[in-house]
Amino acid sequence: MVCFRLSPVPGSGLVLLCLVLGILTVRDAVGFRIPLNNIFRCNSLSTLEKNGVAQSYWDVHVQAFVQNGTVSTKEFLCEKDKTLTTVVPIIPTTAPSPTTTPTPKEKPEVGSYSVNNSNGTCLLATMGLQLNFTHDKVVSVININPNTTDFTGSCQPQTALLRLNCSNIKYLDFVFAVKNENRFYLKEVNVSMYLVNGSVFSIANNNLSYWDAPLGSSYMCNKEQTVSVSGAFQINTFDLRVQPFNVMEGKYSTAQDCSADDDNFLVPIVVGAALAGILILVLLAYFIGLKRHHAGYEQF
């Protein structure tokens, strides 16, 4: 038996294709009671075994008996998907504000991601990711688990894509772009998630400006940062480091630290305070000298 691993669509799960030398016929009736005009969805791994033949399925989306040529918007979840508990809704005592972002109890685990092309590694990313979103006035939080998250992407001269997906996240895209021919930044974030009630939450924003750094370097920020994609969706990042262009030998280049941005604000404040102090000292010296000058006239 010869087996191949296939990934037909970027972001989709891997498919294991095995060719058996010879013919083996296996018949087995497996029944799922699915309402008519419903899409059967099962992102979880399912394995069917009969007479020594095992078949594994995941990321299954299928509708039998399509009526009037129109695919249904209703979904029927398999039992494994119904037990997913990654999305934890926070139920407040009063109606929450659509922009309220709860503070989670624990930080997400930091994961390492990469994208390869014909020349080798072209994108590197290390980060802990926490998704905060509001749907139907309920605020929810998801910590991305890198151990159960797949990643793929692509690299172009002016843009680079990192795509993450797992059982309840159809895709989470980070799109980087080059600006002024010498710097890169995070330009776009797209997300589509399956919620526990069977609905889909999707947001896209291609007009962002985060994680700015010179080309040939990486961007690093160990402190918590927030990427505001929309009023209903934000991403908190922890221990972040990214380099979407000019990766050499699969390693990060020198990093531009986000603390340098804070220093850029502090420098003019410190300089202004110093100048103000000097001005005050000059004025004090002037008034003291003027007072002594008048006192000298009075002695005569």
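Q: Where is Glu181 placed, and why is this residue called exposed or buried?
A: In this predicted model, where local features need pLDDT of at least 70, side-chain atom pairs count only at pLDDT 80 or more, and totals for chains, interfaces and linings use all residues, Glu181 sits in the loop between S14 and S15. Residues are numbered from 1 along each chain as its sequence is written, and side-chain values use heavy atoms, with hydrogens and water left out. The strand names follow DSSP runs numbered from the N terminus (E, at least two residues, for strands; H or I, at least four, for helices). Buried means under 20% relative accessible area, exposed over 50% and partly exposed in between, with a 1.4 Å probe and protein chains only. Glu181 has a relative accessible area of 60%, and is therefore exposed.

Q: What makes the phi of Glu181 worth noting?
A: Phi of Glu181 is near 65 degrees, a positive value in a residue other than glycine. Most residues other than glycine have a negative phi. Asn246, which is not a glycine either, also has a positive phi, of about 55 degrees; Asn246 lies in the loop between strand S20 (233–243) and strand S21 (255–257).

Q: Why does Asn246 count as partly exposed?
A: The relative accessibility of Asn246 is 45%, and partly exposed is the class between the limits for buried and exposed, so Asn246 belongs there.

Q: How do you know that Asp212 and Lys179 form a salt bridge?
A: A salt bridge needs a side-chain nitrogen of Lys or Arg within 4 Å of a carboxyl oxygen of Asp or Glu. The closest N and O atoms of Asp212 and Lys179 are 2.5 Å apart, and the pair forms a salt bridge. Because Asp212 lies in strand S17 (residues 210–214) and Lys179 in strand S14, this pair ties together parts that are 33 residues apart in sequence.

Q: How many salt bridges does the rule give, and which pair involves Asp173?
A: The count comes to three. The side chains of Asp173 and Arg163 meet at 2.7 Å, N to O. Asp173 lies in strand S14 (residues 169–179) and Arg163 in strand S13 (residues 159–166), ten residues apart. With a relative accessible area of 5%, Asp173 is buried.

Q: Why is Asn38 called buried, and which residues is Asn38 in contact with?
A: Its relative accessible area is 13%, so Asn38 is buried. Asn38 lies in the loop between strand S2 (15–19) and strand S3 (39–42). Contact means heavy atoms within 4.5 Å. Leaving aside neighbours within four places in sequence, Asn38 is in contact with Val62, Gln63, Ser72, Lys74, Glu75 and Phe76.

Q: Why is Asn37 classed as partly exposed?
A: Asn37 is likewise in the loop between S2 and S3, and a relative accessibility of 25% makes Asn37 partly exposed. Asn37 and Thr70 are 33 residues apart in sequence and 9.4 Å apart in space, C-alpha to C-alpha.

Q: What makes a set of residues a nonpolar core, and which members of the largest one touch the most others?
A: A nonpolar core is a set of buried Ala, Val, Leu, Ile, Met, Phe, Trp, Tyr and Cys residues joined through side-chain atoms within 4.5 Å. Of the 41 residues in the largest nonpolar core, Leu172, Phe174, Trp211, Phe233 and Ile235 touch the most other members. Strand S10 (residues 120–135) gives the most to this core, with seven residues. Leaving aside neighbours within four places in sequence, the contacts of Phe174 include Met127, Leu129, Trp211 and Ile235.
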